[in-house]
Amino acid sequence: MRDLKHLLYFENLLQEANNALVAQAKADGKVCIAYTCENVPEPLLNLDGTCSIRLSAPHTGSLDIATYYMTNLLCEPSRALLERAIEGGFSFADCVITPDGCTMINRAVENMELLETMGKNNPRFFHSYMEIAFKNTPNDVDLSVLQCTNHILKPLQENYGIDVSDAAIRKAVADHNRICELIRAIGEFRKEQKPRITGYEFHVLCLATYVCPKYLLIDKLEETLEELKTREPEDKEPRVRVLLVGSEVDDSGLVKLIEEQGAFVCCDRFCFGSYPGRVPIVLNDEEDALTQVCRHYIQNCQCPRMMNQEKVYGRKAYVAELAREYNADGVIYEQVKFCDPWAYERTLGSAMLQHDYGFPVLSVDRPYNIASSSGQMRTRVQAFVESMEIKKIQRGGNA
Amino acid sequence: MKTVEKVVNPVKRAGEQSPGKIYNENLKVRARREWRGVKDTFYDYTRWLYLIFVLARFIVVPRNIKGFFRYRWMMSYLFVPHGMDKFTIGLRDEALRIAHTSFNFVIADVTQAIANCFRGDRRVGNDKAYSGKCVITDENSMVTFMMGFDTDKVHTILREVPTMFASNIFHQFNVMHYLDIAQQYGIPGDVCPMPEAEAGISIEDDFCVLGCCAVQNNTTCDGSLMGNGIIAKRLEREYGIPTYQLATPLRHKEPDVLEYAAQEIKNAIEFVEKHTGEKWNWDTYFTAARRVNDATRCRIAQMEINSTPYPQFFGAAFSLYNDTNYMGNSGRNADFVTIDHKLLALAQKGYENKRMYAKEYRHRAIVWGVQPQYVIDMLYWMVQCWGVMPLTDMLSVINTDMIAEVDTPENREQAYRDMAMLNMEMIMRNHTHGGFKVLVDDLWELCEQMNADIVMMWEHMSCKALTGMHGQFEEQARARGIHIMWVSHDLCDPRVFTRQAIRDQVNSYMRTVMREEPLDPSLEIIPDNEAY
Amino acid sequence: MSKIAKIPLILLGAVLGFFVVTFTIYFFNLDMKATALLAPFLEKWYDRMEHNQYI
């Protein structure tokens, strides 16, 4: 296939946290809100005058200083974020909003606060920590509304004078939905037998919508969508199609590595992926927007921390449903090393997807930066691809 | 660096002076018991007889024999007397009586818990009527939501306590089997081994199966929360036992989570009422609340004694007793009140008589972090071998607020908030979760309050909430002039750090940093790595 | 000596015998040493047991 016109542009945006669009947003006078968990309702971070930047640490190398503060037993993303913060890589942030989601990321941000890594010359800078829901009950929606009010909206209004009215939230939801619709429309091409977008390309586009100010991406995404409508796919179908599930994938190199082994990543269900992160939010006029946004996030949340059994089983059913919708031949459950929530979710998920839903599953742990240990992953994926091909042949399909 | 005044014991210890001699590397138990002088040896002997009686009374019941041969973890309970000996190393006088009074009671409580499990277990006793009134809860679960159910009508079964938690104290290797199974099924080896072992027990189908319903909790950590999913799957799907997940907010110091937590308690109570068919009784609740307050007052008094130069009740016996009383009991059992007061009277007597646990106290330590299950005698060892007095441990630094104990319409609403508060501030999680202040700042405050010059920091390598603040502890301790002695372990997997490897971390610190010689050199190296 | 007079002596002897035997077991840790000998056989018993193992 011909290269996408803007692929290099999007790839460049992922090379550092403080990228060109973040600088442009700062120049536009936006309040840059750094955040670390996809359970924080994004539209509330993208009100008029603000933009959300999800913290990431591309090209992570040495983690020495962060390892001193947090030991080598914490997950690499948490250490990578702290290391990058200490290096000054997140100096653009005007505030940090962190839910007490997974313990390790929470500790990383607490270390950032104690070490005063951000906001040195900004008297209005603040850190805000919030409780997030554990279940999908009305009580959890109430909790979420209260937490978002007290730990997102109030501090934004008090420190930066941001309009947090219902009308402002509705506008932010509309803007958010525009991005979601674009990403979903682009992602739809992955369903084709001969897909006209690779999993890698899609991941780059999707990840950019988290780590860049969204309003600055719309034109390029629209152009890319138009380009895809007429893009000629490869003649040959992919050898196998896989659904990638698990911890956050900040390194598109992982998706590239999987695809280099002959497996097309037809769908993504990981933290900060398109499912469920880029599902549009439907609002009605009867209820206030904040409550509806919170309910949307709770009902759609696929985080392993959600602990009631409806959610525990629902997550596996959701993966199976996506696998069927995107015609996946198999599922790859990945977990970034030392991530407790995904360690258990991967174990139970891979067992249930195999036994209850009949999908072949590859269950792997991985480093944050795949370049640091690509050989093992390559071997595992190769073996998985071959095993699925054999199954296809045995079923009489094309290898 | 901060220093404290050395306290020398004017009284020579009765009996033998070097208890290290009773270990033998060729045996998996001690070569003999300690000679403590006539009076204390006789007392220790009578307590041993009592334990043998408790165990014999348990095993003569046929269904308990059946259970014994069905469940691997039961083997640990053969070593209860061996386990008890770990709590009494070098102890004399009131200290010995405190250790026995508290831990013998805990053992009797655990034995009763096992008997209850076997009675209702579908594979063993299969008493359906009894099982129909049992509610299963986690090992790390406050049972506040059961405080208002009459104990003769609804039975609370902390199924994981005898299966995993207590069994590991008596037999250091017994959990390894379940860890191996969990890892064989794909759970990585870097998660906390406690919930991992519990998941392994469930995978192996080695939990007792009983109860009309179960209540799980997210009280400790991400690993514990996630392990519940695996356990609940088997409970619900294979055994048809409905499971409720009681969500407990993590940022427990924030007032805006309290109503949510209180509502969760209400929902859990409603769930239990629905499945047991029994009603919440406010008289029962407020009676339990009064006992909770009484236990709190006793614990505060014990901590005050420990702030003086003559601490009395500390170490594993203190923390495990508090664990059982605060968390597993929550005021439901009246017997704890008697024991609380007996322990306080013993401690007060010990304090008045200026009783000491060792030849001298050179340092006063706060023990922070989570203690390893398989070196449960570590703190007694530390004071005997090095004269480092552990004033208190993190698990014992729990709620000091009184809860509403008079039955009024307002207090009935307040009661839900009180239960929620106790639940949120459960042992361990009240410091490991809720922001860095409760973990780091609280420690320095405690050092000040109790006049400590050392922090003995248990670094449970899989406890991410704690290790995530490693550097902050280091830097802040240095700034405050407080020694910080890191002691790494893996909670209940002795393959990662052996017992001696754990003690050696203290030995090295005391020799190289503090430049001191041991008080009792016979204890510096103990050949008990292979012992149960 | 009458039979009745002997009873306290017999009782005293029994108590003394019980004490000597149990104290010897206690002091030399014979209870735990015997248990330690038994443990490997029990482990084999548990190892041989079939379990419905699954996740």
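Q: What radius of gyration does chain B have, and what would a compact globule have with 532 residues?
A: Chain B has 22 Å. A compact globule with 532 residues would be near 24 Å, so the two agree. The radius is taken over C-alpha atoms, and the globule rule is 2.2 Å times the number of residues to the power 0.38.
Q: Where do these coordinates come from?
A: This is a predicted model: local features need pLDDT of at least 70, side-chain atom pairs count only at pLDDT 80 or more, and totals for chains, interfaces and linings use all residues. Residues are numbered from 1 along each chain as its sequence is written, while chains are lettered from A and ligands numbered from 1 in the order in which they are written.
Q: What does the predictor give the complex for ipTM and pTM?
A: An ipTM of 0.95 and a pTM of 0.95.
Q: Back to chain B. How much of chain B is buried?
A: Buried residues make up 62% of its 532 residues. Buried means 20 or more other C-beta atoms within 10 Å of the residue's own; exposed means 12 or fewer, partly exposed is in between, and C-beta atoms are placed from the backbone.
Q: Now R54(A). Is R54(A) buried or exposed?
A: R54(A) counts as buried because it has 24 C-beta neighbours inside 10 Å.
Q: What does R54(A) touch, leaving out residues up to four places away in sequence?
A: Y35(A), Y210(A), V211(A) and F272(A). Contact means C-beta atoms, placed from the backbone, within 7 Å.
Q: And how far is A17(A) from R54(A)?
A: They are 37 residues apart in sequence and 8.5 Å apart in space, C-alpha to C-alpha.

Conventions
Contact = placed C-beta atoms within 7 Å.
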